[in-house]
There are 2 protein chains.
Amino acid sequence: MKEQTSAPTLIDIRNADKRIGHYAHRTPILTCSGLSERAGAELFFKPENLQRAGAFKFRGACNAVFSLDEKIAQRGVITHSSGNHGGALALAARLRGIPATIVVPTNAPPVKLAAIRSYGAQVVDCQPTVASRESTALDLQRETGATFIHPYDNQRVIAGAGTAALELMSDVPDLDLVMAPVGGGGLLSGTAIASTELSKSVRVIAAEPAGADDAYQSFRSGKLVLQTNPQTIADGLRTSLSPLTFGIIRDRVSDIVRVSEEEIVETMHLVWERMKIVIEPSSAVPVAAILAGRVAKAGSRVGIILSGGNVDLSNLPW
Amino acid sequence: MKEQTSAPTLIDIRNADKRIGHYAHRTPILTCSGLSERAGAELFFKPENLQRAGAFKFRGACNAVFSLDEKIAQRGVITHSSGNHGGALALAARLRGIPATIVVPTNAPPVKLAAIRSYGAQVVDCQPTVASRESTALDLQRETGATFIHPYDNQRVIAGAGTAALELMSDVPDLDLVMAPVGGGGLLSGTAIASTELSKSVRVIAAEPAGADDAYQSFRSGKLVLQTNPQTIADGLRTSLSPLTFGIIRDRVSDIVRVSEEEIVETMHLVWERMKIVIEPSSAVPVAAILAGRVAKAGSRVGIILSGGNVDLSNLPW
């Protein structure tokens, strides 16, 4: 699978769409006149919190798992994740009937661990460092021959993530702007490829927590800046871009804007209250950016991808 | 509007559908494999919590408001409500550009009051008794000439409520069963008319809190039993059936089953957690009934109408 280090094309995203169509939800488009009024633009939400396993991550994991040749697939898949990618990969593997191993740091939220286990994956503990995650996964991979599926630095995962924007662009014509949050950059990369290939006029703008702004720093400086000490409630956005996702983002994204922790929590509450959907802090990030007026020339029709809804209901930030 | 004391027909529901189509959301159909597995049936949810003003109530209020002749409409509309109907009527009136007055008992939840006010309606306080609500509304109606729109004892309101089932039956063919909660019976009546007129084989079963089981008692005894002292967290289901809704329910509903308060709260939590949507306790009632195995011969394909999602996020029951 050497080709995975290059960017997916629109054709790869269309193929992903066909491959996962039988398994993934086609999430609806939601609108909310109250939020549109506040934003001064017509907002069209793509609620990937309603996706299977509660996040857009299922699209990429499913595309990666169902792309494997049968013999290779039978040896299983492996990843390291403390969050949504682990659950998504576990579910995709279960649907294909192959084993999944998820390496999880000891400080992972219990609710995410429970989700991974509920899909029948094997959970292996590691220390809460990137080095420990990677070495633990590598050792297990050598032992079992399982295929490693990276959460975002993977062509098939990015192509799968891009299917959300493919559906958004197909369901809502003439968008001026598409927004997504940015963490490792898988969702943003897939979104940017699908959106800019499908429309010559659409712009793609990402939003990022100010307390984990490596993508913003990288985008502004033109050099990949790694995230060292992320300080944000948006647990899906604490990772760094990879060279692959940074390259796609540099080429296709118009801007990256930042929001504060207070804005994230306030917006999360507002979306729950007005739209009646459960979103996690990461999903609130692009909504907060447009409500705060931080997106210059947003245009009149704005699509926003809500990345996921996996939160601990007994520990809400308000 | 004397014809309002008779049951609406399928044609009335189809007319309501056309009348409100421009204003109401066509809510999507949601599925959740985890909940379907638990229920032992394929569940198709119609999430009216995603409807405008956060509940199916907007459909009926909108149909009633836009059915009025222009001269009569200009005098405004009035109702008494401590909940979703008040907000729905206020929004429908704003959309038509006519005044709305909502009589609200002094013990109404502040969050619902704020919603009614946010739609620009005039709020008038009354004592928290049925007698005070009705006399206050009647006095104001005489004064202003506004049209009184009852929350459920109204043909146009019932026809509007039935459009949710019309959409459900159109989007999901071959349902064996359609479920809805029952309070005053407006949603259940509209649902039962639409469902049984559109399919000869579908059955309609309602669910009710055991602590406010007037519909269950009425259905079993064949005589209208009024709700005197409702004890349930499901604040949308504390009202009594009217002769109009009781007649429709007796003729078209196959069964009414009951659930406990504990089952309501547990199911509400489960739906938030697994489906990532904010539902109010009333919406959890039919889901709780089927998960508890209380629906005999549910069949393999079950449609469930989730009535609304207006809850106080700072005061959750878990």
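## Exercises: strands, a helix and a contact

Strand β3 (residues 100–105) of chain A pairs with strand β4 (residues 122–126) of chain A, in the parallel sense, over 5 bridges. Strands pair here if DSSP finds at least two bridges between them. Helices (H or I, at least four residues) and strands (E, at least two) are DSSP runs, numbered from the N terminus.

This is a predicted model: local features need pLDDT of at least 70, side-chain atom pairs count only at pLDDT 80 or more, and totals for chains, interfaces and linings use all residues. Residues are numbered from 1 along each chain as its sequence is written, and chains are lettered from A and ligands numbered from 1 in the order in which they are written.

**Exercise 1.** Give the strand order of the open sheet in chain B and name its edge strands.

*Solution.* Step 1: the 4 strands run in the order β4-β3-β2-β5 (chain B), with parallel pairing. Step 2: β4 (122–126) and β5 (147–148) of chain B are the edges, each pairing on one side only. Step 3: β3 (residues 100–105) of chain B joins β4(B) through 5 bridges. Thr101(B) stands opposite Gln122(B) there.

**Exercise 2.** Characterise helix α12 (residues 261–275) of chain B.

*Solution.* Step 1: α12(B) has 15 residues and reaches 21 Å from first C-alpha to last, close to the 21 Å expected at 1.5 Å a residue. The expected span is 1.5 Å times one less than the number of residues. Step 2: its buried residues include Glu263(B), Ile264(B) and Trp272(B). Buried means 20 or more other C-beta atoms within 10 Å of the residue's own, exposed 12 or fewer, partly exposed in between; C-beta atoms are placed from the backbone. Step 3: the buried residues of α12(B) fall within an arc of 165° seen down the axis, so they line one face. The arc is that of the directions from the helix axis to the C-beta atoms. Step 4: Lys276(B) follows, with a positive phi near 60°.
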